[in-house]
Amino acid sequence: MSYGHFVSLALLLVMAPAAAQVPLPPPRPAGIENTRPSAGSQAAAASPSSTGTLPSGKMAGPGEDGASCAARLAELGIKAEPVPELRNGACGAKSPLKLLQLPQGVDVAPPAIVTCAAAEAFVKWMQEGVAAEAERHLAARLRRILIGTSYECRSRNRQAGSKLSEHAFANALDVMGFEFEKRRPIPIVSRPDESPEAMFLAAVRAQACEHFTTVLGPGSDAAHADHLHLDMRERKRGAKLCQ
Ligand SMILES: [Zn+2]
């Protein structure tokens with residue numbers, strides 16, 4: 001055997017296994033193709049005409065977008081609009097909502113910019129807590145929720161050097177007070193008396209902790225003497241901070 005023949009034979013032997021595999025993918029059994037889809041089959045799965053070849057949940061991603069959250073809330077009689085992604089340095093929110101009005105025409109004034117999770121907690125608190133307690137203690141119908149701050153890129157308690165507030169992620173809102181039909185408004189203040197207004201404020205504050213993970217207000221510290229701070233901050237083991 002000449003050197004040239006030897007090299008040719010050696011190359012053939014080295015390449016033979018690879019060359020033999022090249023034609024294999026087309027006749028691959030259907031079961032294997034389903035576990036390792038080619039680019040072509042992924043494109044087909046993304047088209048509306050194909051059904052069930054890829055898990056559709058993964059196409060939507062783990063978080064719900066603002067439009068679908070707003071549409072879901074609309075079915076409950078809530079007026080909310082999707083807001084474009086907020087981005088300001090470390091602050092921001094991917095799919096926030098502008099929450100305008102709750103069922104039975106209860107206005108959110110001014111409208112609050114919040115995440116879907118914060119909007120849902122707020123709605124539940126309003127319906128199961130605030131509206132019900134207004135009936136019980138005041139025999140009054142709720143008309144408007146007065147909002148201080150919702151989304152704002154700032155640190156906690158506006159202290160330089162401290163961590164970012166949940167407000168910086170549209171994950172918090174400050175409630176300043178409540179307005180009713182045929183009745184004077186009730187601001188958030190410290191009320192140690194046993195008036196119906198004091199009972200109402202104590203009840204709604206206690207109920208806020210059922211829906212939010214942080215509730216701060218008069219008595220918590222000087223920064224919260226005139227409003228209820230409500231947020232959906234995530235803590236280890238689902239811990240809450242309600243003071
Ligand atoms: Zn706050």
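**Notes on the model**

1. In this predicted model, helix H7 covers residues 196–211. Its 16 residues, at 1.5 Å a residue, should span 22 Å, and the end C-alpha atoms lie 23 Å apart, which agrees.

2. Which residues of H7 are buried? They are Phe200, Leu201, Val204, Arg205 and Ala208. Viewed down the axis of H7, these buried residues fall within an arc of 125 degrees, so they line one face of the helix. An α-helix has 3.6 residues a turn, so residues three or four places apart point the same way.

3. The largest nonpolar core holds 49 residues, of which Val114, Ala119, Phe122, Met126 and Leu173 touch the most other members. Helix H6 supplies the largest share of this core, with 11 residues. Beyond its neighbours within four places in sequence, Phe122 is in contact with Leu99, Val114 and Leu173. In soluble globular proteins, nonpolar side chains tend to be buried together.

4. The mean pLDDT of the protein is 80, and 74% of its residues reach 70 or more.

5. Over residues 6–62, pLDDT stays under 50. For these residues the model has nine contacts beyond four places in sequence. Where pLDDT is low, the predicted coordinates should not be read in detail.

Key. Residues numbered from 1 in each chain as written. Helix = DSSP H or I, 4+ residues; strand = E, 2+ residues; numbered from the N terminus. Expected span 1.5 Å × (residues − 1). Buried ≥ 20, exposed ≤ 12 C-beta atoms within 10 Å, placed from the backbone. Arc of directions from axis to C-beta. Core = buried A, V, L, I, M, F, W, Y, C linked by C-beta atoms within 7 Å. Contact = placed C-beta atoms within 7 Å. pLDDT = per-residue confidence, 0-100.
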